[in-house]
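Colleague: Could you take a close look at the loops of this chain and at the spans that its database record annotates? I would like one connected account.

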Amino acid sequence: MSSIAITLIVVALLIVASLAFYAGKLLFMLNKQNKKMAQTKKQRVERLLESIYTISLAMEQQQCNLSEGSIRLYHLHESLPIDDKPDFQARYPGLYALYAKVSDLPTHEARDKLSTLERRNQDDMREAIESELESQILKDVAKLKAFTP
């Protein structure tokens with residue numbers, strides 16, 4: 001073999017070794033990033049589950065009104081980053097029925113713009129819906145306190 005051929009083989013081996021090292025480094029970094037993302041996801045799920053438990057407990061103890069709680073719980077369920085989410089609407093029919101009926105009501109600034117009579121009418125309607133669904137909602141929040149994905 002000539003010295004040129006040997007030199008080319010050595011250069012080729014150096015290039016392959018460099019590329020293999022770089023690929024290994026990238027795989028290591030990807031694995032590290034995936035572990036970090038999994039840990040972050042796990043922590044997010046834990047925080048959301050803690051919030052779900054706390055709101056459920058507050059609703060059960062009548063420290064949070066049922067409409068506000070159902071809206072908050074709906075959004076927490078929607079934001080849970082879990083695979084194969086259960087059918088929350090089927091599991092917690094009272095909460096989701098209340099959410100469906102009150103989610104369109106104006107809040108914050110939009111509510112402040114309503115007349116006193118309009119606000120009172122909406123409050124009466126909301127309270128009637130809450131009263132109608134209360135027993136089912138209380139069953140739902142009792143089950144929800146034990147929810148685990």
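Modeller: What follows takes the loops in turn and then the annotated spans. This is a predicted model, in which local features need pLDDT of at least 70 and side-chain atom pairs count only at pLDDT 80 or more, while totals for chains, interfaces and linings use all residues. Residues are numbered from 1 along each chain as its sequence is written, and side-chain values use heavy atoms, with hydrogens and water left out.

Between helix 1 (3-60) and helix 2 (66-79) runs a loop that holds Gln-62; helices here are DSSP runs of H or I with at least four residues, strands are runs of E with at least two, and both are numbered from the N terminus. Gln-62 has a positive phi, near 60°, although this residue is not a glycine. Gln-62 counts as exposed because its relative accessibility is 64%, where exposed means over 50% relative accessible area, computed with a 1.4 Å probe on protein chains only.

The loop between helix 2 and helix 3 (88-91) contains Asp-84, another residue other than glycine whose phi is positive, at about 55°. Asp-84 is exposed, with a relative accessible area of 77%.

As for the record, an unreviewed UniProt entry annotates residues 6-28 as "transmembrane region"; such annotations may be inferred rather than shown by experiment, their positions follow the numbering used here, and feature names are shortened. In the model, residues 6-28 are 100% helix and 0% strand, with 32 Å between the end C-alpha atoms. UniProt also lists residues 17-144 as "domain: DUF2489", again in an unreviewed entry, and this span is 83% helix and 0% strand, its end C-alpha atoms lying 55 Å apart.

Definitions and conventions: Buried < 20%, exposed > 50% of the residue type's maximum accessible area, 1.4 Å probe, protein only.
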